[in-house]
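This report describes a protein model for a reader who is new to structural analysis. Please examine the sequence and the structure shown below before reading on.

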Amino acid sequence: MNIENLWIKYSQTKDVEIKKELIENYIDLVKIMAGRMYNFYGSKIEYDDLVGYGVLGLIDSINKFDINKNIKFETYAQIRIRGSIIDSIRKLDWIPRSLRKKSKDVQDAISFLENKIGRSPTNLEIADQLEIGLQELELLLSDISAFNITSLDDILKDNHENPIKDFNESNKPEQVYEEKEMKELLAKSIDSLSENEKLVVSLYYYEELTYKEIGKTIDLSESRISQIHSKAIIKMKTFLKKQGIG
């Protein structure tokens with residue numbers, strides 16, 4: 001039975017055995033997403049655990065997917081798989097309070113300097129503002145990389161822009177407007193980044209490359225890519241907060 005017929009049969013019967021076949025067919029989506037998330041969380045969480053969290057998102061996707069909607073299942077499922085992994089990691093609460101404070105300190109320093117000098121500050125300017133060395137700042141940016149990803153998701157969720165919102169829900173006009181406005185603000189937050197930061201964000205989120213692959217592409221180390229990515233997320237969060245988001 002081909003995949004299209006499987007979906008038709010499952011939508012009619014909700015048969016458990018067919019559901020198992022669908023899970024097996026799409027398990028690679030989970031493995032790919034888990035592999036990408038492992039870039040952030042590998043030092044704290046096992047890859048197999050990330051796969052387990054992702055499978056929960058896949059199952060949820062299969063349960064709620066409507067074959068009559070004009071959307072590919074792969075697109076729908078990837079959003080829910082990623083959301084499931086991030087939600088599960090957040091519940092573990094393994095990020096030390098001290099690291100949360102340091103991330104906020106960096107964000108506050110960037111916001112202060114942007115207002116003061118009217119442009120995006122350099123790493124050296126941020127380090128001077130925090131009264132730490134440049135190398136210490138770069139190590140800090142690497143350390144807070146994982147936290148910033150979950151933190152950005154928190155901001156979007158707190159403002160009703162849930163990345164795993166059910167595609168089957170009917171959108172009220174005000175919801176459509178809010179989502180359009182949020183997308184425009186996210187686009188503007190990306191525009192505020194430096195060229196290197198834009199490139200890393202684009203390669204990671206749109207081309208779906210790993211840190212290692214991005215590093216090879218632009219001839220930088222994995223740790224340097226992590227630092228650039230972390231700073232980009234902080235700057236995006238700072239921009240969104242100035243717009244009243246978060």
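Of the 246 residues of the protein, 41% count as buried, where buried means under 20% relative accessible area, exposed means over 50%, and partly exposed lies in between (1.4 Å probe, protein chains only). The model is predicted: local features need a pLDDT of at least 70, side-chain atom pairs count only at pLDDT 80 or more, and totals for chains, interfaces and linings use all residues. Residues are numbered from 1 along each chain as its sequence is written, and side-chain values use heavy atoms, with hydrogens and water left out.

**Overall organisation**

The protein has twelve helices and zero strands; these elements are DSSP runs numbered from the N terminus (helices: H or I, at least four residues; strands: E, at least two). The accessible surface comes to about 13700 Å², of which 49% belongs to carbon and sulfur atoms; this area is from the Shrake-Rupley method with a 1.4 Å probe. Among the contacts in the protein with a separation of 6 or more, 67% are between residues 24 or more positions apart, a contact being heavy atoms within 4.5 Å.

**The packing of H10 and H12**

Two packed helices are described by the angle between their axes and the distance between the axes. The axes of helix H10 (residues 195–205) and helix H12 (residues 222–242) come within 9 Å and cross at roughly 100 degrees. Axes are lines fitted to C-alpha atoms, for helices over the stretch in contact, and angles run from 0 to 180 degrees between N-to-C directions. H10 and H12 are therefore roughly perpendicular to each other, a term for angles of 65 to 115 degrees. Residues of H10 in this contact include Val-200, Val-201 and Tyr-204, while those of H12 include Ile-225, Ile-228 and Ile-233. By class, the contact has eight nonpolar, two polar and three charged residues. Here Ala, Val, Leu, Ile, Met, Phe, Trp, Tyr, Cys and Pro count as nonpolar, Asp, Glu, Lys and Arg as charged, and the others, Gly among them, as polar.

**Salt bridges**

How many salt bridges does the model contain? The count comes to nine, a salt bridge being a side-chain nitrogen of Lys or Arg within 4 Å of a carboxyl oxygen of Asp or Glu. Three of them are listed here.

| Salt bridge | N to O distance |
|---|---|
| Arg-119 and Glu-125 | 2.7 Å |
| Lys-198 and Glu-195 | 3.6 Å |
| Glu-197 and Lys-235 | 2.7 Å |

Glu-197 and Lys-235 are both buried. Salt bridges that share partners also join Asp-60, Lys-64 and Arg-80 into one network.

Lys-198 and Glu-195 are three residues apart in helix H10, so they are separated by about one helical turn. Lys-198 is partly exposed at 24% relative accessible area, whereas Glu-195 is exposed at 60%. In the remaining pair of the table, Arg-119 is partly exposed at 41% relative accessibility, and Glu-125 is partly exposed at 24%.

**Positive phi angles in two loops**

Most residues other than glycine have a negative phi. Lys-14, however, has a positive phi near 55 degrees and lies in the loop between helix H1 (3–13) and helix H2 (16–41). Lys-14 is partly exposed, at 43% relative accessibility. Asp-219 likewise has a positive phi, near 60 degrees, and lies in the loop between helix H11 (211–218) and H12. Asp-219 is exposed, at 68% relative accessibility.

Terms used: Parallel < 35°, antiparallel > 145°, perpendicular 65-115°, else oblique.
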